[in-house]
Amino acid sequence: MRFLCQVWFETAEIAKLSEGEGRKLTQDSIDNDNRLRESGHIIVANALREPQAARTVRVRRDEAAVTDGPFAEMKEHLGGFVLIEARDMEEATEIAATFPVAHYGMIEVRAAYDIRFPDQ
C-alpha cells in the first residue's frame, strides 16, 4: 500500500534552529531517506520552500486568480512530503516516526489510492 506522509512544521519551532542545527536536521533527514530508499519504502521525498514563496491559484467562473503567499495564516506549515510503500497503516506510522523532522512538528500519514473510472 502507498501512504503519503505530510511533514508539518511548527513554524515558530523551526525558526528557532541555528544554521548548524538546520544543517544537521537536513543531513539527518537525507540519511534517513536514503536508509528508507534502500529498504524499498520510499517512493519519493521532497522538501517544500517556505510558505511565503507560494502562490495560491483559484479558478472561479473560468477565470484564474493568483495571489502571492500561502492561502491561510497558520501556526504550522507544510514543509514537505514523502510517499512511501508499507504493508499497512501501522507500518506506515512506524516509518513516519523515524523522520527526524517529526521532532519539530508532526507527520500526517494518509493512505493513497489511484483515482480511476470503473471502465478504465
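From the N terminus on, the elements of the protein follow the order β-α-α-β-β-β-β-α-β. The model is predicted. The protein has 3 helices and 6 strands. Its C-alpha atoms fill a box of roughly 50 × 45 × 20 Å along the principal axes. The protein has 120 residues, of which 27% count as buried. Among contacts with a separation of 6 or more, 73% are between residues 24 or more positions apart.

The sheet comes next. In general, the strands of a sheet pair through backbone hydrogen bonds, either parallel or antiparallel. Here, 4 strands form an open sheet in the order 2-5-1-6, and the pairing is antiparallel. Strand 2 (42-47) and strand 6 (105-112) are the edge strands. Each of these pairs on one side only. On average, neighbouring strands of the sheet are turned by 20 degrees against each other, direction ignored. Helix 3 (residues 89-96) packs on this sheet. Helix 3 touches strand 1 (2-10), strand 5 and strand 6. The direction of helix 3 makes about 150 degrees with that of strand 6. Strand 2 and strand 5 (residues 76-85) run antiparallel and are joined by 5 bridges. Within this pairing, Val44 has Leu83 of strand 5 as its bridge partner.

Strand 6 also holds Ala111. This residue has a relative accessibility of 43%, so it counts as partly exposed. Ala111 and Met1 are 110 residues apart in sequence, yet their C-alpha atoms are 7.4 Å apart in space. Not counting residues up to four places away in sequence, Ala111 touches Met1, Arg2, Phe3 and Met89.

Helix 2 covers residues 19-38. At 1.5 Å a residue, its 20 residues should span 28 Å. The C-alpha atoms at its ends are 29 Å apart, which agrees. Leu25, Ser29, Asn32 and Leu36 are buried in helix 2. These four residues cover an arc of only 65 degrees around the axis, so they lie on the same side of helix 2. The buried residues of helix 2 pack against helix 1 (11-15), strand 2 and helix 3. The face turned away from the buried side carries the exposed residues Glu19, Arg23, Lys24 and Glu38. Just after helix 2, Gly40 takes a positive phi of about 85 degrees.

Apart from neighbours within four places in sequence, Asn32 is in contact with Thr98, Phe99 and Pro100.

Helix 3 has its own buried residues: Glu91, Ala92, Ile95 and Ala96. These residues cover an arc of only 140 degrees around the axis, which puts them on the same side of helix 3. The buried residues of helix 3 pack against strand 1, helix 2, strand 5 and strand 6.

In soluble globular proteins, nonpolar side chains tend to be buried together. The largest nonpolar core of this protein has 18 residues. Those with the most contacts inside this core are Cys5, Ile84, Phe99, Val101, Ile107 and Val109. Strand 1, helix 2, strand 5, helix 3 and strand 6 each give two or more residues to the core. Strand 1 gives the largest share, 4 residues. Leaving aside neighbours within four places in sequence, Val109 is in contact with Phe3, Leu4, Cys5, Met89, Ala92, Thr93 and Ala96.

The loop between strand 3 (55-60) and strand 4 (63-68) contains Arg61. Asp62 is found in the loop between these strands as well. Most residues other than glycine have a negative phi. Arg61 is not a glycine, but its phi is positive, at about 50 degrees. Asp62, also a residue other than glycine, has a positive phi near 65 degrees. Arg61 counts as exposed because its relative accessibility is 81%, with the cut-off at over 50%. Asp62 is exposed too, with a relative accessible area of 78%.

Methods:
Residues numbered from 1 in each chain as written. Predicted model: local features only at pLDDT ≥ 70, side-chain atom pairs only at ≥ 80, totals over all residues. Heavy atoms only, no water. Contact = heavy atoms within 4.5 Å. Pairing = 2+ DSSP bridges. Axes fitted to C-alpha atoms, helices over the stretch in contact; angles between N-to-C directions. Core = buried A, V, L, I, M, F, W, Y, C linked by side-chain atoms within 4.5 Å. Buried < 20%, exposed > 50% of the residue type's maximum accessible area, 1.4 Å probe, protein only. Expected span 1.5 Å × (residues − 1). Arc of directions from axis to C-beta.
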